[in-house]
2 protein chains.
Amino acid sequence: MAERRIVGDRAGWRIRVLTKHLRHLIPGTSLEASICLAYEPPEVNSGDAAFDKSAMRALLDGHDLETRDWLFNLMAKSDLFVSRKVGDKVFASPDFNEPMDEMRDKTLERIFFLLRNGVFKDFLKDNSIENSLKQMAVWEVLGIFDHALSVKLGVHFILWGGSIVSLGTQRHHDKWLRITEELKVFGCFAMTELGHGSNVRGIETVTTYDPSTQEFIIDTPCESAQKYWIGGAAKHATHTIVFSQLLIDGKNEGVHAFICQIRDANGRWCRGIRIADCGHKTGLNGVDNGRIWFDKVRIPRENLLNAVADVTPDGQYVSSIKNPDQRFGVFMAPLSSGRVTIAMHATNQAKVGLATALRYALTRRAFSVSTYEPEMLLLDYPSHQHRLLPLLAKTYAMNFAALDLKKLHLKKNPEDSKVVHVISSGFKAMFSWHSQRTLQECREACGGQGLKTENRIGNLKAEYDVQSTFEGDNNVLMQQVSKALLGDYFAARSKGKLMKGMGLEHLNGPRPVMSKELDSNVLRDSRFQLALLQLRERGLLELLDAEVKKIISTGLSTSEALMSSYKLAENLGKAFTERIMLEIFQRAEEQATGSMKKVLGLLRTLSVLSGVDEEPVFLRYGFLSPEQSQLIHREVPAVCAELRPHTLHLVDSFGIPQPFLGLIAYDWVESNAWDNVSGGSSQSIV
Amino acid sequence: MAERRIVGDRAGWRIRVLTKHLRHLIPGTSLEASICLAYEPPEVNSGDAAFDKSAMRALLDGHDLETRDWLFNLMAKSDLFVSRKVGDKVFASPDFNEPMDEMRDKTLERIFFLLRNGVFKDFLKDNSIENSLKQMAVWEVLGIFDHALSVKLGVHFILWGGSIVSLGTQRHHDKWLRITEELKVFGCFAMTELGHGSNVRGIETVTTYDPSTQEFIIDTPCESAQKYWIGGAAKHATHTIVFSQLLIDGKNEGVHAFICQIRDANGRWCRGIRIADCGHKTGLNGVDNGRIWFDKVRIPRENLLNAVADVTPDGQYVSSIKNPDQRFGVFMAPLSSGRVTIAMHATNQAKVGLATALRYALTRRAFSVSTYEPEMLLLDYPSHQHRLLPLLAKTYAMNFAALDLKKLHLKKNPEDSKVVHVISSGFKAMFSWHSQRTLQECREACGGQGLKTENRIGNLKAEYDVQSTFEGDNNVLMQQVSKALLGDYFAARSKGKLMKGMGLEHLNGPRPVMSKELDSNVLRDSRFQLALLQLRERGLLELLDAEVKKIISTGLSTSEALMSSYKLAENLGKAFTERIMLEIFQRAEEQATGSMKKVLGLLRTLSVLSGVDEEPVFLRYGFLSPEQSQLIHREVPAVCAELRPHTLHLVDSFGIPQPFLGLIAYDWVESNAWDNVSGGSSQSIV
């Protein structure tokens with residue numbers, strides 16, 4: 001009944017429109033296109049921006065805006081990157097209809113194009129923070145074009161090149177860095193094996209030393225030890241870093257890293273190397289992931305990356321780090337850059353999805369609520385606002401958080417290394433999940449258009465899906481965050497000390513008290529929001545602590561207790577990460593003034609309250625009463641409605657140029673018009 | 001600290017394993033593969049089934065087991081379907097590395113293979129329930145192999161053929177059904193347009209009548225009226241059903257359906273027809289979705305599907321249904337089969353994902369908790385159980401629900417048509433969301449392997465993603481469910497009558513009272529579970545009713561009130577659907593005895609409690625107290641642990657033969673071994 005009221009009233013309006021048609025409906029005459037649906041750009045429904053979009057973009061990107069724009073522009077002008085022209089617009093994207101072999105070659109072609117244009121100049125030789133930030137900007141921009149391109153380059157520069165920088169010594173730097181930068185060698189990173197992914201300590205590749213020739217001998221002793229998922233290995237890589245157990249005089253010294261050539265100058269496998277393809281994947285087929293077997297491959301002694309451990313010519317193992325766990329930690333260091341990068345990329349993908357879906361929602365109409373009214377814009381439905389705007393708000397929060405982490409990481413203060421590990425683990429997991437969720441919601445919000453490759457959204461889901469498990473499984477990472485927090489908490493309690501760092505100082509004070517009078521002003525106050533998130537973090541930490549102690553008291557080990565308390569650990573990991581994100585958001589907000597500050601405040605409020613609203617933990621453990629939660633529940637759509645007029649400007653502020661959004665972000669009537677059909681027709685015989 | 005305890009203790013065990021290696025590590029000698037990881041089939045870790053698996057399978061499939069097995073077997077024996085051989089096993093799948101044009105041709109080849117093997121015999125001529133159920137079984141099995149195959153056939157048989165059956169009359173049946181069954185014509189279904197999807201009433205294609213030639217003239221008056229997403233149109237279809245506004249004497253009689261040829265016997269477009277490709281999609285590239293423009297295309301008067309409305313030779317419009325809304329409803333009827341089919345397919349895809357991921361979790365090990373212990377099986381981690389087993393339980397619930405709906409739908413009792421509409425809307429939305437969520441969780445639970453196309457999971461996500469928006473956007477459908485419920489509720493209240501049908505009778509009695517003592521026995525009692533879900537449904541209906549009335553009292557329309565109350569409407573749609581699912585589950589359970597009944601009880605409990613546990617609505621509106629919710633929260637992992645020993649047998653009971661699961665469901669060390677590398681290696685030059 002109710003439904004009929006909504007859709008039934010359209011009959012009258014349809015008649016008016018069709019009457020307009022009818023005037024032209026004399027058989028044989030042609031109709032004017034203008035009498036049906038006409039595309040109105042989102043700008044028409046949005047009014048002027050209440051804030052300075054370029055200032056907002058500068059706040060979001062944080063650095064290297066010129067480099068970004070230059071690189072976007074470089075790609076948008078090259079046929080290697082442009083996939084489609086509509087009117088005076090170009091759209092840039094790989095051709096996802098190609099078989100993987102061709103996609104990979106195209107990725108490589110693009111890499112050499114970028115090299116010729118000087119994009120990678122001094123990437124490994126200049127380790128200044130400025131240069132590192134510039135590199136990050138380059139990865140971001142390339143990742144907005146195509147994940148495969150950024151992954152293939154990331155493997156070569158960050159994993160291969162970065163390992164040589166951080167795990168190698170002068171002899172490695174001298175020999176490899178320049179030719180790596182010039183792509184005269186193509187490096188890969190052979191850590192994961194068929195049998196071991198997250199648990200790197202368990203890898204089964206074995207390396208021994210032969211003093212008679214001063215060579216290491218790398219061996220794949222069994223099928224489960226084959227190197228697996230090695231990006232670049234299947235087709236293009238010439239060299240690899242191999243991670244392997246190092247056996248010296250019958251003693252396993254643990255996982256070490258070696259340089260090994262895998263292909264010769266003619267692209268043939270080197271002696272003792274066998275390579276196979278990982279095959280077709282759900283996404284990322286522009287990267288040639290491969291598998292490698294080492295059949296007692298001999299490499300010079302100097303190829304051990306010896307920053308922290310070495311083997312003398314006569315075969316003695318020496319290391320400046322006696323503790324094998326610490327040594328292992330050093331060898332895993334190249335992965336932390338990976339997590340920072342993922343946090344960044346995840347944010348950017350969410351941006352592409354949101355900019356496309358929200359621009360579309362500002363031009364697409366469906367149904368109408370009152371007689372004789374035109375159909376309503378999707379974004380004028382409160383339900384559509386609620387689907388997308390909290391995700392937009394969270395993406396802003398992620399952006400500021402990723403930017404903050406990036407800077408912290410690049411400072412490379414040794415005392416921050418644990419902080420970077422913990423925060424990057426939480427961000428990597430939460431952001432990659434958020435990105436997939438956002439893209440899924442954006443895809444559904446665009447209907448079938450969300451699945452057209454030219455509109456990017458559905459495709460980005462497939463291309464970026466890998467993020468939730470590579471560089472550490474998200475669930476494992478979230479548990480690591482909680483274990484680190486619990487460890488600090490144990491330590492502080494047992495030593496009678498205060499908690500310190502990562503914003504945990506709030507645990508030293510009294511428990512925050514929530515106002516019962518949660519009016520709109522209170523709900524939007526960042527002090528209230530922070531207190532609520534601190535209350536949850538503290539409560540969950542106490543609950544986890546109590547649960548673990550209780551299990552241990554029954555005679556089980558700490559490991560077993562932690563294994564059983566996984567749910568509280570996950571909840572705590574999320575609570576910690578969201579509290580840090582809020583603090584970073586507050587700092588970003590402080591850099592703004594006037595209406596920009598106001599809009600940022602709305603985004604901050606929406607990101608926090610919508611998160612609280614959908615998370616049962618607050619009610620389950622009494623951090624909120626049902627009445628309080630209902631007030632928050634009602635505030636969410638109110639904030640959405642206030643953000644609605646700013647939506648277009650907020651996605652414009654992402655600074656992603658038109659060629660890098662989906663086609664439906666622009667005039668989709670034009671791009672779908674017959675005049676723009678290019679070779680799409682088919683007249684084949686059944 | 002805590003983390004180190006878990007992973008650090010492995011060092012000792014690794015040393016033992018590596019010592020074993022070492023015995024063989026005399027340079028130049030070869031190692032035995034057996035000393036590393038060996039694959040143990042899931043059966044090794046699972047023990048005997050506590051229930052009769054064939055009885056469970058019969059309960060799940062419900063009908064046509066022999067037809068299913070025959071068809072699975074037919075495909076597994078044909079090279080058209082088999083993609084890979086490993087040892088004595090074959091695996092069946094399309095080649096997703098092919099460009100879309102080749103994938104589409106392959107889909108067509110498979111269709112003709114099935115035709116030659118008599119699969120479609122009497123599909124349209126025999127409308128008995130038995131034959132219809134058999135057809136459903138065929139769609140299910142084909143859908144387990146490939147969504148594109150089932151969609152392309154579904155468009156031809158269910159949408160094209162089904163429309164002729166239900167919207168046409170004898171003259172259409174005589175002319176079209178036999179040749180449709182024999183695939184001498186290939187039909188498509190042109191409803192959606194570029195400008196109008198969910199809102200079919202708004203389509204802009206216009207048909208007029210020319211009495212001088214007794215022809216209809218179909219016209220696409222503007223670009224937004226081009227037919228869009230038409231499966232089969234881009235390449236193979238010869239005919240289509242066109243949905244169009246019918247203008248007679250200047251009056252719009254609303255949306256009607258016509259038969260129109262689009263390609264001639266040589267595959268050339270017919271006069272006035274223009275066709276373009278929809279292009280590459282995130283998934284389902286085996287279906288040739290196309291766009292059609294009609295340039296004043298003339299068709300015989302007899303091509304109007306005239307079961308409920310006709311135009312006389314001299315141009316008078318006549319209809320047995322005066323109410324345009326009711327007439328519109330009749331023309332939309334072919335879509336309801338679609339929703340039933342989606343509910344079925346969504347269940348099956350979740351099964352493929354779960355069977356693959358759970359078998360893998362019973363063979364894959366990672367980390368260990370105690371010194372000198374081997375690594376633990378993934379499924380022995382409580383966290384891994386919690387990730388997958390609630391999804392398994394919900395998939396069982398979906399299975400029984402989809403089976404029930406299928407039978408209700410096929411009975412075609414006119415008095416059930418509203419019930420089928422409401423329930424199929426709820427199931428279609430909830431099941432397609434559940435399926436995507438399940439596949440995503442399964443994909444992540446398999447790590448990178450979840451993204452290899454040969455393992456199916458990640459790929460199924462892309463292939464089935466369309467389900468959440470086609471045949472009705474999920475959010476719109478959920479709102480329709482609630483509007484129907486609210487309409488009934490309004491009507492019953494205003495007439496002082498009782499609620500009746502769809503299990504709503506519980507609203508006539510007193511509100512259920514929850515026991516405060518929620519011990520395990522109570523929590524697992526289906527009476528408690530039903531009462532809790534009824535309490536939520538009733539509470540949300542009352543809240544929605546009150547909110548809508550309150551908004552109307554401020555002067556807004558019912559439509560506007562409903563638009564603002566979307567969140568309660570969504571919650572209510574979910575509450576209604578889950579309550580119906582529980583009732584159906586209870587009835588399925590009653591068909592079992594002994595240990596099978598017991599296991600089904602565990603699944604029912606897990607499906608309900610895990611749903612309650614993650615849904616904040618219960619706490620927000622006080623249907624549960626925090627203490628009660630904590631008890632439920634603790635019960636979920638306990639039930640997971642009890643289900644763990646049954647896991648393998650529960651996925652075996654799905655009856656999906658080995659060739660149709662992902663490769664990692666079986667010996668993944670063997671399938672990845674060098675001996676099974678086929679042409680995967682590459683030695684190209686950089």
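# Chatting through a two-chain model

Mentor: Of the 686 residues in chain A, 67% count as buried. Keep in mind that this is a predicted model.

Trainee: Okay, and how many helices and strands are there in chain A?

Mentor: Chain A has 23 helices and 15 strands. Its radius of gyration is 28 Å, close to the 26 Å that the globule rule gives for 686 residues, so chain A is as compact as a globular protein of that length.

Trainee: What does the C-alpha trace of chain A span along its principal axes?

Mentor: About 95 × 70 × 45 Å.

Trainee: And what share of the contacts in chain A with a separation of 6 or more comes from residues 24 or more positions apart?

Mentor: Those residues account for 75% of such contacts.

Trainee: What about charges? How many positive and negative side chains are in chain A?

Mentor: There are 82 positive and 81 negative ones, and the centres of the two sets lie 1 Å apart.

Trainee: Switching to annotations: which residues of chain A does UniProt give as "binding site"?

Mentor: The unreviewed UniProt entry places that feature at A:Thr192 and A:Gly231. They are spread over 40 residues of sequence but cluster in space, with a largest C-alpha distance of 10.7 Å.

Trainee: Where does A:Thr192 sit?

Mentor: A:Thr192 is in the loop between strand 3 (187-190) and strand 4 (206-210) of chain A. Setting aside residues up to four places away in sequence, A:Thr192 touches A:Gly197, A:Gln226, A:Lys227, A:Tyr228, A:Trp229 and A:Ile230.

Trainee: Which domain annotation covers residues 188-297 of chain A?

Mentor: The unreviewed UniProt entry calls it "Acyl-CoA oxidase/dehydrogenase middle". In the model, that stretch is 0% helix and 46% strand, and its end C-alpha atoms are 17 Å apart.

Trainee: Nice. I also had my eye on A:Lys125. What is A:Lys125 in contact with, leaving aside its neighbours within four places in sequence?

Mentor: A:Lys125 contacts A:Arg178 and A:Glu181. A:Lys125 and A:Arg178 are 53 residues apart in sequence, with their C-alpha atoms 7.5 Å apart in space. The lysine lies in the loop between helix 5 (100-116) and helix 6 (129-145), and is partly exposed at 49% relative accessible area.

Trainee: Which phi does A:Lys412 have?

Mentor: A positive one of about 50°, although A:Lys412 is not a glycine. A:Lys412 is in the loop between helix 11 (382-411) and helix 12 (417-445) of chain A, and counts as exposed at 55% relative accessibility.

Trainee: Over to chain B. What is phi near for B:Leu183?

Mentor: Near 55°, again a positive value in a residue other than glycine. B:Leu183 is in the loop between helix 8 (170-181) and strand 3 (187-190) of chain B. At 6% relative accessibility, B:Leu183 counts as buried.

Trainee: And where is B:His506?

Mentor: B:His506 is in the loop between helix 14 (474-495) and helix 15 (520-523) of chain B. B:His506 is buried, with a relative accessible area of 14%. Leaving aside neighbours within four places in sequence, its contacts are B:Gln534, B:Glu537, B:Arg538 and B:Arg579.

Trainee: Last one: what does B:Thr67 touch, not counting residues up to four places away in sequence?

Mentor: B:Thr67 touches B:Lys134 and B:Val138. B:Thr67 lies in helix 4, residues 65-76 of chain B, and is buried at 17% relative accessible area.

Methods: Residues numbered from 1 in each chain as written. Chains lettered and ligands numbered in written order. Predicted model: local features only at pLDDT ≥ 70, side-chain atom pairs only at ≥ 80, totals over all residues. Heavy atoms only, no water. Helix = DSSP H or I, 4+ residues; strand = E, 2+ residues; numbered from the N terminus. Buried < 20%, exposed > 50% of the residue type's maximum accessible area, 1.4 Å probe, protein only. Contact = heavy atoms within 4.5 Å. UniProt positions renumbered as here; feature names shortened; annotations may be inferred. Rg over C-alpha atoms; globule rule 2.2 N^0.38 Å. Lys, Arg positive; Asp, Glu negative; His and termini not counted. Charge placed at Lys NZ, Arg CZ, Asp CG, Glu CD.
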